[in-house]
Amino acid sequence: MIGTQVVLVPFDALRARARALHALGGRIQFAYAWLPDNDAPEVRYIASVPERRDFKMWIVRDARELPSLAPILPLLGWYEREMMDLQGLTFTGHPEPYPLVLRGSRPHADGDQSEDPPPSNSYSHLPDIDATDVQQLPFGPIRADVQELAEFTFFYVGEHIIHYQPRLFFKHRGMESCFEGADPRRAVVIAERVSGVGSAGHALAYCEAVERAAACEVPPRAKALRVLLAEFERIYNHPHYLGHLCHTTTLKVGEAQGKLLEEKAKQLNARLTGSRFLRGVLTPGGLRRDLDPGTWLGDALEELREEFVAYAERLENSESHLDRLITTGILHARVAFDQGASGPIERASGLDRDLRRDHPYALYADLPLTVTVLKEGDAYARERVRMAEVEASFVLCQRVLLLLEPGPVHADCIPLPRSEGLGWAEGPRGSVFYAVHVGADGRLARVKIKSPSFSNWRAFPFTVHDTNMMDYAINEASFGLTMAGCDR
């Protein structure tokens with residue numbers, strides 16, 4: 001696969017490779033299965049190693065039954081369970097051998113005529129607690145306000161949470177299957193709709209994957225404008241996050257001001273691109289059309305930056321708000337690493353990782369990028385990381401406007417049959433990956449999506465156990481999670 005260093009790995013050597021990667025401080029970014037033409041399943045593991053810009057890809061062929069790597073690399077637990085549910089693979093020795101996506105049933109292996117039990121929403125894996133003072137609270141999947149579907153089970157004594165179990169994947173949207181059979185040059189419209197708050201990040205990662213499959217070179221002006229679009233998405237996402245966090249701490253004025261800044265940022269998006277969510281601009285090979293920032297955009301960005309800085313200072317001086325954030329929902333660095341936390345979540349827990357710097361794409365290699373890393377791992381650290389990222393995004397945008405030169409914004413980009421590519425982007429909520437496989441007919445045969453919330457939802461429960469019910473909503477808001485990142 002173009003964009004990666006490919007290694008064929010026998011299934012009996014997987015665990016040794018996983019231990020070696022762990023010893024190096026490397027990390028599996030995601031894993032997935034697909035069926036090539038011979039219908040023998042392949043499992044692919046995408047890994048990164050510190051101080052290496054290229055990704056490693058382990059390919060295991062004829063992968064119907066593999067040893068589970070989750071005991072060594074815990075973040076793989078969900079990916080393996082997803083493959084067990086959706087592709088019917090088996091991972092022996094898995095520490096959580098129960099369905100993740102499906103409800104009590106899995107695909108049958110070829111020739112297996114046995115019947116599944118009827119689908120069930122029960123939790124067969126919940127802990128068996130025999131204590132009269134422990135209460136169980138199932139909450140969801142329908143929740144108040146405009147909330148995506150999810151079900152949470154709390155075991156608690158008084159206000160003290162002793163165990164928490166989220167259950168996601170209530171909607172099967174079929175996003176990955178929507179790509180199958182599509183023209184690679186046009187399917188970016190699907191990527192833009194995987195997650196509404198990450199339209200540009202998903203579209204950019206998809207385009208990068210197709211471009212690597214086609215071995216095409218994006219023009220410099222298009223690369224620069226792609227950075228502008230990606231940072232615009234960060235600039236409107238984080239104020240929304242801050243406003244929602246203020247909502248959970250009952251700082252109503254802070255909520256209103258954060259969402260007003262989000263609205264102003266979206267209006268800039270619309271004025272520049274015609275879309276508040278930055279859709280309809282990115283395409284494999286560059287941009288659909290040129291954008292004209294003119295002289296107005298730099299002034300508008302500076303005005304918005306000044307408003308944001310004043311807003312952030314007011315939040316930093318709101319003691320009632322800070323009291324609810326400090327020491328709430330601590331995610332320790334070891335847990336963040338092991339469970340695969342991504343984006344601002346991992347950087348607030350002391351992990352210095354950012355795809356824009358570590359695996360640069362678009363024009364990021366030529367730009368001065370400030371990556372803020374904090375060690376406290378609490379809700380307050382997650383807020384401060386996002387505040388710093390917004391200010392860094394304003395700096396990047398102004399630098400792009402200074403470097404922007406006239407020129408074309410699109411190059412021909414037609415992937416060859418049976419080609420494949422890997423694309424990535426650092427979205428506002430974390431890393432986004434797309435693995436693209438082009439079939440013999442030149443159309444998409446398989447597209448695998450890795451969204452940041454798929455990683456961060458796995459890490460989140462570790463911050464809930466042994467906390468209290470009054471802090472739960474604040475803690476969840478501090479993670480900035482979405483269900484669309486899981487309900488594919």
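**Backbone, sheets, core and voids**

Tutor: Threonine 250 counts as exposed, because its relative accessibility is 58%. Keep in mind that this is a predicted model.

Student: Where does threonine 250 lie?

Tutor: In the loop between α6 and α7.

Student: And what is the phi of threonine 250?

Tutor: Near 65 degrees. That is a positive value in a residue other than glycine.

Student: Which other residue has a positive phi although it is not a glycine?

Tutor: Arginine 418 is one, at about 65 degrees. The loop between α13 (379-403) and β12 (420-427) holds arginine 418.

Student: Is arginine 418 buried or exposed?

Tutor: Exposed, because its relative accessibility is 55% and the cut-off for exposed is over 50%.

Student: What about the peptide bond from glycine 140 to proline 141, cis or trans?

Tutor: Cis, with omega near 5 degrees. Proline 141 sits in the loop between β7 and β8.

Student: OK, sheets. What is the strand order in the open sheet of 3 strands?

Tutor: The order is β7-β8-β9, and the pairing is antiparallel. β7 and β9 stand at the edges with a single partner strand each, so one side of each has no neighbour in the sheet. From one strand to the next, the twist averages 15 degrees.

Student: How many bridges are there between β7 and β8?

Tutor: 5 bridges, between β7 (residues 135-139) and β8. Leucine 137 has phenylalanine 154 in β8 as its bridge partner.

Student: What happens in the hairpin of β8 and β9?

Tutor: There are 2 residues between the strands, and glycine 158 takes a positive phi near 65 degrees.

Student: How many residues of β8 are buried?

Tutor: 6 of the 7 in residues 151-157, so β8 is largely enclosed by the rest of the structure.

Student: Now the sheet of 4 strands. What is its order?

Tutor: β1-β4-β3-β2, an open sheet with mixed pairing. β1 (4-8) and β2 (27-34) are the edge strands, and each pairs on one side only. Neighbouring strands are turned by 20 degrees against each other on average, direction ignored.

Student: Do β1 and β4 pair in the parallel or the antiparallel sense, and over how many bridges?

Tutor: Parallel, over 5 bridges, with β4 spanning residues 55-60. Leucine 8 has isoleucine 59 in β4 as its bridge partner.

Student: Switching to the core. How many residues does the largest nonpolar core have?

Tutor: 146. Tyr45, Phe179, Tyr206, Tyr434 and Trp457 have the most contacts inside it. Helix α6 (residues 220-248) gives the most to this core, with 14 residues.

Student: Is helix α15 mostly covered or mostly open?

Tutor: Mostly covered. In α15 (residues 472-479), 7 of the 8 residues are buried. Among them are Tyr472, Glu476 and Phe479. Glycine 480 follows α15 and has a positive phi, near 60 degrees.

Student: Last topic, voids. What is the volume of the largest pocket?

Tutor: About 1,000 Å³. Its lining has 34 residues, and Arg143, Val146, Gln147, His244 and Glu476 lie nearest the centre.

Student: Which element gives the largest share of that lining?

Tutor: α6, with 7 residues. β7, β8, α6, α7 (252-273) and α15 each supply at least two. The lining residues of this pocket divide into 17 nonpolar, 8 polar and 9 charged.

Student: And cavities, how many of 30 Å³ or more?

Tutor: 5. The largest cavity has a volume of about 120 Å³. It is lined by 15 residues, and the closest to its centre are Ser195, Gly198, His202, Arg429 and Pro452. α5 (199-214) and α14 (452-459) are the elements that give two or more residues to this lining.

Student: How do the lining residues of the largest cavity divide?

Tutor: Into 4 nonpolar, 9 polar and 2 charged.

Technical notes
Residues are numbered from 1 along each chain as its sequence is written. This is a predicted model: local features need pLDDT of at least 70, side-chain atom pairs count only at pLDDT 80 or more; totals for chains, interfaces and linings use all residues. Side-chain values use heavy atoms; hydrogens and water are left out. A nonpolar core is a set of buried Ala, Val, Leu, Ile, Met, Phe, Trp, Tyr and Cys residues joined through side-chain atoms within 4.5 Å. Buried means under 20% relative accessible area, exposed over 50%, partly exposed in between (1.4 Å probe, protein chains only). On a 1 Å grid over the protein atoms alone, a cavity is a set of points where a 1.4 Å probe fits but cannot get out, and a pocket is an open set with protein on both sides within 12 Å along at least five of seven lines; lining residues have an atom within 4 Å of a point. Grid points are joined across faces, edges and corners, and a volume is the space filled by probe spheres set on the points. Ala, Val, Leu, Ile, Met, Phe, Trp, Tyr, Cys and Pro count as nonpolar, Asp, Glu, Lys and Arg as charged, and the others, Gly among them, as polar. Two strands pair if DSSP finds at least two bridges between them. Axes are lines fitted to C-alpha atoms, for helices over the stretch in contact, and angles run from 0 to 180 degrees between N-to-C directions.
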